[in-house]
Amino acid sequence: MRILIAEDDTVLANGLSRGLRASGAVVDCVSSGTEADAALRTNSEFDLLILDLGLPKMNGLEVLRLLRARGQTLPVLILTAADGVEEKVKGLDLGADDYMAKPFAFNELEARVRALTRRSAGVASTVVRHGPLEFDLTGRVASIDGRMVDLSARELALLEVLLHRSGRLVSKEQMVARLCEWGDEVSINAIEVYIHRLRKKIEKGPIRIATVRGLGYCLEKIPASAPAAPSAAPPH
Ligand code: CA
């Protein structure tokens, strides 16, 4: 999950990004409205925007208005001052999905973030299933046939992207964009290494990550009525 935080209070922004990273998200921070606007214009890989309304250079409501005017539908959680009832209403009217008044408890924000991203991905539960594979988005654990699979934070993040787009191509560039934070070096080669490791750990029974040569990867759909697949994976 990739989150953009637009917040000019650096203490709050740092605390939020630390907490969200600890729960497995990839987080980018900007501290002004114009930076937020530029980041959203140039990057369509964000799954969620956490938007402070009181931002310098361009206020949060304007960032939100421009975002929705461009037709971008990513969920937006606005952060408002405790007494900002009018701002809250304006924000929701402009297309925000939820709001939190400062100060707030981090675990409440985390739960709202999970609910918003789940809703936008069309996933009703916190557990995503793919054949015998289960991914618990809340606990950040994956299991196959009820057995926990030991995956690194990046492998989990890659698996999450593949699961959310199961049956569809995910390009290596998209993976790099989803996994890297700005200033973080993740190369295309590194993606190949992570996919190689992920395959070794999760390719069992009908679970397959297909290589779409020169383009990227695709978690193959498992037909609902698939006959039991052989346990030995063919080489590919
Ligand atoms: Ca502010």
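Residues are numbered from 1 along each chain as its sequence is written. Because the model is predicted, local features need pLDDT of at least 70 and side-chain atom pairs count only at pLDDT 80 or more, while totals for chains, interfaces and linings use all residues, and side-chain values use heavy atoms, with hydrogens and water left out.

Helices (DSSP runs of H or I, at least four residues) and strands (runs of E, at least two) are numbered from the N terminus. The axes of helix α2 (residues 33-42) and helix α3 (residues 60-69) come within 9 Å and cross at roughly 20 degrees, which makes α2 roughly parallel to α3 (angles under 35 degrees count as such). Axes are lines fitted to C-alpha atoms, for helices over the stretch in contact, and angles run from 0 to 180 degrees between N-to-C directions. In the contact (heavy atoms within 4.5 Å), G33, A36, D37, L40 and R41 of α2 meet V63, L66 and L67 of α3.

An open sheet is formed by three strands in the order β10-β12-β11, with antiparallel pairing (two strands pair if DSSP finds at least two bridges between them). β10 (170-171) and β11 (209-212) stand at the edges, each with a single partner strand, so one side of each lacks a neighbour in the sheet. β10 and β12 (residues 216-219) pair over two bridges, and G216 in β12 is the bridge partner of S171.

| Helix | Strands touched | Angle |
|---|---|---|
| α6 (residues 153-164) | β10, β11 and β12 | about 70 degrees with β12 |

Methods:
Angles under 35 degrees count as roughly parallel, over 145 as roughly antiparallel, 65 to 115 as roughly perpendicular and the rest as oblique.
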